[in-house]
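Please keep the sequence and the model in view while reading.

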Amino acid sequence: MRAPVARRLYRLALRLLPDPIRRKHGDAMEALFVRQLEVASRRGTAARVAATARGLWDVLARAGYERTRWRRVASPGPSSDVANPIGTSRPTQREPLMASLFHDIRSAARTLLRSPRFTLLAVLTLALGIGANVALFSVVYGVVLRPLPFPEPERVSHLAWDRGGSVPRVTMPAYKVQYWTDHSRAFEAITTWRASTLRVGEEDRSEPVGALRVTHEFLDVVGWSPALGRAFEPGDDRPGAPDVAVLGHDLWRTRYAADPGIVGRTVQVQGTPHSVIGVLPEAFEFPQDADFTDLLVPLRLEPDPLNEGENWAVLARLAPGVDRTAAEADLARVYEAFRTEHPELMNGTDRAMVLASWQSLYLGGTRTVLWALMGATALVLLIACANVGALLLARGSARKGELAVRTALGAGRGRIVRQLLAESLLLAAGAALAGLALAHVWVDALLGLYPGTLPRAGGVGLNGAVMAYAVLAAVATGVVFGMVAAVPVLRGAVASSLRESTRGGTGRGGLRRAVLAVEAAVSMVLLVGAGLLVATLAEVRSVDPGFAVDGVLAAPLPVPPGGWESEGGMRQVDERVRRELAALPGVTAVASASTWPLRRGLNIPVGIQGRPEDFEGAVEWRSASPGYLEALDVPLLRGRGFTEADGAGAPPVALVNEAFAARYFPDGNVLGQRIEIGRYRDRYIDPVLDVGGVEVVGVVGDVREIGLKVEPRRTVIVPAPQVADSWASPPVVLVRHRGDGVRAVMRDVLAGVAGGAAPVEVRSMREVVGASLASERFNALLMGVFALVALVLTAFGIYGVVSYGVRQRTREIGIRMALGADRGRVARQVLGQGMAPVMAGLLVGTGGALLMTRFIESLLWGVEPGDPLTIGAVAVVLATVAAVATWLPMREATGIDPNRSLRPE
Amino acid sequence: MRKPWFYILLSLAGGDRYGSDIQEDVRTLSDGGVRLWPATLYGSLEELVERGWIRELEEAEQPDNAAGRTRYYRILPGGREALAAEVERREAVTRVARRRLGEERP
C-alpha cells in the first residue's frame with residue numbers, strides 16, 4: 001500500500017472522532033501515524049500494511065469509545081460535574097443517536113469476530129468485487145469523467161462537423177477555421193493548434209522538445225495565464241511579426257534553471273531567434289496533445305480556400321452567459337452565411353458545425369471499453385453481494401435462536417434489522433478497505449496492460465471522487481446484502497422460529513433460490529460478453545493478411561551518425577545495406593519500402609488518365625525497391641514487378657493491387673493504363689511523381705495495410721528511386737529468411753550503419769501482427785478475467801446454498817431414507833434444488849446477454865452480439881459448473897445415515 | 001487503571017513532554033511492548049486532563065525549542081497520587097505473584 005493511500009484513509013477515519021478532539025489533535029495524530037508508518041515500512045510491506053490496519057483500528061475503536069463516553073458524560077448523574085471535557089460546546093441532540101449507532105457497530109464487530117472464518121470469507125469475496133469495481137471507476141473517472149484541466153471547463157468545447165456518423169469530424173480546413181473565428185459571436189475565444197517537435201537552443205546544444213504552434217487566442221481558450229510574462233497578443237501570429245515564444249514550465253526549469261529573468265531573453269527555436277514572452281504555470285495541461293507543452297510558439301494559419309486539407313482541430317471558449325443551445329444556433333447562422341458566400345467550398349458530407357466534448361472526439365472506442373469493463377465489474381460485485389447475502393442468510397438461520405431470544409426479550413423488529421444492517425455495513429466497510437488496496441493493484445495492472453497510451457492516464461489515482469465512490473459502493477453493497485439477510489426478519493420469520501426449530505425447512509428456500517438464479521443470470525451475461533470478445537480476437541487472428549507473417553523481419557533504416565550525406569545519401573545507404581543483407585546465409589529476399597504492412601502509411605489522391613471526374617478519395621501509397629513482393633510474399637497476379645531498371649531516369653511505372661484494379665478497371669484491362677498519382681480532380685496537389693502519368697505494369701494481391709480488421713484498401717506501389725526527393729523518407733528494410741539467427745545478424749548490420757547514434761529495433765512480422773491485436777487481446781483478457789471471477793464466485797455460491805440446504809434438511813432426508821426412499825430420488829431432488837434456479841437464471845441471463853452485448857457491439861468483429869454459438873457454449877459451461885457445484889453436496893446428502901440424523905438434538 | 005493512562009503518567013512523571021515524545025518514551029519504558037497509537041494517545045491525554053491528573057502547558061511555559069503548535073503536558077499532584085496508587089497496587093499483585101511462584105517466602 002502506498003503512503004498517500006494509507007494517509008488518506010487515515011484522514012478519512014479521523015472524521016469518525018468527535019469534532020472537538022479531531023480539531024484539536026487531528027493533525028498531530030496524522031503526523032504521528034505517518035511516523036509510525038515510516039518506522040514500520042523499514043520492516044517491509046507486510047509490516048506497513050499491518051501498521052496501517054492497526055492505526056485505522058485504533059481510530060475506529062477510539063471513535064466508538066469516545067462516542068459512548070460522551071453519552072455517559074452527557075447523561076445527568078452524579079459524575080456529570082465534568083460537563084464539558086474538551087472545552088467546546090457539545091451537540092446534545094445528535095450524540096445519543098451516534099452513540100447508539102456506535103453501540104450497534106461495536107456489538108456487530110463482536111458478533112463478526114466470533115465467527116472469523118465467515119467474516120474473512122465474506123470480506124474477501126466483497127473485497128474482490130469492490131476492488132475491481134473501484135479500480136475501473138478510478139480509471140473511468142480519471143480518463144472519461146474528470147473535467148478538462150481548464151478553468152470553467154464547462155465553457156470549453158471543440159467545434160466539429162456533424163457528418164451523420166457517431167463521432168463528429170474533429171478537423172477542418174484552415175479556411176473554415178478562419179471563417180468561423182471571424183464570424184461567430186457566441187465565443188470568447190477560438191483557437192487551433194498543431195503539435196510538433198521543435199529543436200530548442202544553439203545548433204550544437206539544441207534538443208528536441210514537444211511544442212504547440214498555436215493561434216494567439218490559445219491561452220484565452222484554455223483559460224490559463226502564464227506564470228511569468230504575458231500571453232500571446234493579437235499581433236503575435238500575423239505574418240512578419242517578431243518571433244516570440246512561451247516556455248513550458250518543465251523546459252524553463254530544466255534547460256533555463258528556472259531563471260526568473262528569462263522573459264525578454266532570446267532563445268533559438270529551429271535555429272531562429274525567438275524572444276521569450278512568458279512561462280507557463282507548472283500545472284498547465286493540454287490533454288489534446290499532452291506531450292507537447294514544453295513550448296508554445298505562434299501559429300500563422302494560412303486560410304487558403306484552395307487548401308482543403310482537413311488538418312485543424314478547433315477549440316473554443318463560450319462567451320460568459322452563452323449556453324450551448326445559443327452557441328449552436330450561432331454556429332448554424334455562420335454556416336448559412338458560409339453556404340451563401342462560398343457555395344463552391346461546400347462538401348456533401350458536412351451537415352452542421354456542432355459543439356463536441358473532448359471525450360467524444362479523442363477517446364473514441366476507449367470510452368466503450370472502459371464503460372463495458374466497469375459494467376462488468378459492477379456485475380461481479382453484484383454476484384459477490386449475492387454470495388455474501390446467501391452466506392448471511394444461512395448464518396441468519398443458524399442464529400435464529402439468538403435472534404428469537406432477543407425478540408422475546410423485547411428487542412423490536414427494527415432494532416434487530418438495525419443490528420443486522422450494522423453487521424453488513426461493517427463487513428462492507430472492511431471489504432472496502434481491503435478493496436481499495438486491491439484496486440491499486442488492479443489499476444496498475446490495467447494501465448500496464450492497456451495497449452498504446454491511455455489518454456490522461458496520469459490523472460488516474462485515488463482521489464476524492466474515487467474515495468467517495470468507494471464509500472458509496474461499500475454502503476450500497478452493505479445495504480443490498482444486508483437487506484437480503486434482513487428480509488426473513490421483516491417477514492416475521494424469526495419470531496416463529498422458536499417454534500420451528502425442531503422442524504426442517506425454514507421458508508427461506510425461495511429467497512435462496514432467487515439468489516442462485518440471479519447469480520447464474522449475471523454470470524451468463526458476463527461470460528457471453530467475454531466469449532464474444534474472445535471470439536472477436538480469434539476471428540481477427542484468423543484473417544489472411546495477404547503477406548507472409550512468418551520468416552519476415554522488418555526494421556527502419558537508421559540514420560548514420562553523420563547524417564545521410566556523410567554516407568553518400570539515403571538511397572546509397574539503402575542499397576548498400578540491402579546488398580549486405582542479401583549476402584547473408586539464410587536470407588532469401590531483401591527489399592526496402594516506405595513502410596511495412598499494418599503500420600500507418602501515406603495516402604494520396606490518384607486519378608486515372610483521361611477520367612478527370614472519376615475520383616473516389618485517396619488511395620494507399622507505398623514506395624518500394626525491387627524484391628518487395630518476394631520479401632513479403634505478396635502474389636504477383638499479372639504483369640511484372642519492379643526491377644533495377646525502374647530507376648530515376650526510366651519511364652515511371654507503378655503496381656496496383658487487386659482492389660484498385662477491380663474498382664477502376666472492372667474489365668480487367670489494367671496493364672499499360674496510365675494513372676496520375678497526386679492528382680485531385682483536375683489539379684496535381686501532391687506532385688510525388690512525374691505529372692505526365694505513370695504506367696501500370698503489374699497487379700498484385702491485396703494486403704491488409706491498415707489493420708487486420710480493415711478491408712484491403714486500393715493501393716498503388718511505385719519504385720522508390722522514381723519518387724521525388726521531397727517525398728522520399730527514410731525507408732524500412734524487409735528481410736525474408738529461412739531458419740534462425742538472421743535476426744541478430746540483421747541487427748548487427750543496421751547497428752553498423754547507426755554507429756550507436758540511433759537505436760536499432762528489428763521486429764518480425766509475427767510481432768507486428770501480434771501488436772496490431774493488442775486492443776482485442778486487452779478487451780478479451782480483462783473481460784475474461786472478470787467473467788472467470790464471476791464464474792468462480794457463482795460456483796461457490798451454488799455450492800454454499802445447496803450444501804446449506806442439505807444440512808438443513810438432514811433430518812427430513814434421514815426420515816425419508818428411513819422410510820425407504822431410494823438414494824436416486826433423494827439425489828434427483830437435491831440436484832433439482834440447485835439446478836432448477838440455475839436453469840431459470842440461464843434463461844433470464846440469455847435475455848440479459850442479448851440486451852447487454854449491444855453495448856459492446858462496437859468492440860466486436862466478425863461475430864454478432866447475439867451469436868448463438870457463444871451463447872450456447874456459455875450456457876453449457878455454466879450448467880456444467882453448476883452441476884459440479886451441486887453434485888458435491890448431493891453426494892453428501894445421499895450419504896446421510898438415518899440413524900444418526902434422527903437422533904434427538 | 002487503563003494501561004495507556006498508566007504509561008502516560010509514568011512518562012510525564014519524568015518531566016514535561018509532548019505527544020509523539022510520550023509515545024516514544026513509553027515504547028522505551030515498556031521495552032517496546034506498549035505502543036500507543038495516535039487516537040488512543042491523544043484521546044487518553046484528553047481524559048487525563050479532564051480528570052485533573054495532568055494539564056496542558058501554556059505557550060509561555062513551553063521549552064524554548066518547542067515548535068509552535070506542539071502541546072506539552074505536565075503531570076499534576078493528582079496524577080502523581082493516582083500513579084503512586086497504581087504502582088502500589090501493581091506491587092501488591094507482583095508480591096502475590098512472586099509468592100505463588102515460590103520465589104519469596106512469606
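The structure holds two cavities of 30 Å³ or more. A cavity here is a set of points, on a 1 Å grid over the protein atoms alone, where a 1.4 Å probe fits but cannot get out; its volume is the space filled by probe spheres set on the points, which are joined across faces, edges and corners. This is a predicted model, in which local features need pLDDT of at least 70 and side-chain atom pairs count only at pLDDT 80 or more, while totals for chains, interfaces and linings use all residues. Residues are numbered from 1 along each chain as its sequence is written, chains are lettered from A and ligands numbered from 1 in the order in which they are written, and side-chain values use heavy atoms, with hydrogens and water left out.

The second largest cavity contains about 60 Å³ of space. Its lining residues (those with an atom within 4 Å of a point) are Tyr628(A), Val634(A), Asn657(A), Val700(A), Gly701(A), Val703(A), Glu705(A), Thr715(A) and Ile717(A). By class, five of the lining residues are nonpolar, three polar and one charged. In this scheme Ala, Val, Leu, Ile, Met, Phe, Trp, Tyr, Cys and Pro count as nonpolar, Asp, Glu, Lys and Arg as charged, and the others, Gly among them, as polar.

Tyr628(A) also belongs to the largest nonpolar core, which has 199 residues; Phe218(A), Val222(A), Phe286(A), Leu296(A), Phe547(A) and Tyr628(A) touch the most other members. Such a core is a set of buried Ala, Val, Leu, Ile, Met, Phe, Trp, Tyr and Cys residues joined through side-chain atoms within 4.5 Å; buried means under 20% relative accessible area, with a 1.4 Å probe and protein chains only.

Tyr175(A) and Val177(A) are among the buried residues of helix H6 (residues 174-183) of chain A, as are Ala174(A), Lys176(A), Tyr179(A) and Trp180(A). Helices (H or I, at least four residues) and strands (E, at least two) are DSSP runs, numbered from the N terminus. The cover over the buried residues of H6(A) includes strand E3 (187-200), strand E10 (312-318) and helix H9 (324-341) of chain A.

Arg155(A) is found in the loop between helix H5 (116-145) and strand E1 (156-162) of chain A. With a relative accessible area of 12%, Arg155(A) is therefore buried. Its side chain is joined to that of Glu188(A) by a polar contact of 2.6 Å; within protein, a polar contact is a pair of N or O atoms within 3.5 Å, one able to donate a hydrogen and the other to accept it, and residues adjacent in sequence count only if both atoms are side-chain atoms. Leaving aside neighbours within four places in sequence, Arg155(A) is in contact (heavy atoms within 4.5 Å) with residues including Glu188(A), Arg317(A) and Leu318(A).

Chain B has four helices and three strands, in the order α-β-α-α-β-β-α along the sequence. Of its 106 residues, 41% count as buried. In helix H1 (residues 3-12) of chain B, eight of 10 residues are buried, among them Trp5(B) and Ile8(B). Leu45(B) lies in helix H3 of chain B and counts as buried because its relative accessibility is 0%. Leu45(B) and Trp5(B) are 40 residues apart in sequence and 7.9 Å apart in space, C-alpha to C-alpha. Beyond its neighbours within four places in sequence, Leu45(B) is in contact with Ile8(B), Ile22(B), Ile54(B) and Tyr73(B).

Note on methods
On a 1 Å grid over the protein atoms alone, a cavity is a set of points where a 1.4 Å probe fits but cannot get out, and a pocket is an open set with protein on both sides within 12 Å along at least five of seven lines; lining residues have an atom within 4 Å of a point. Buried means under 20% relative accessible area, exposed over 50%, partly exposed in between (1.4 Å probe, protein chains only).
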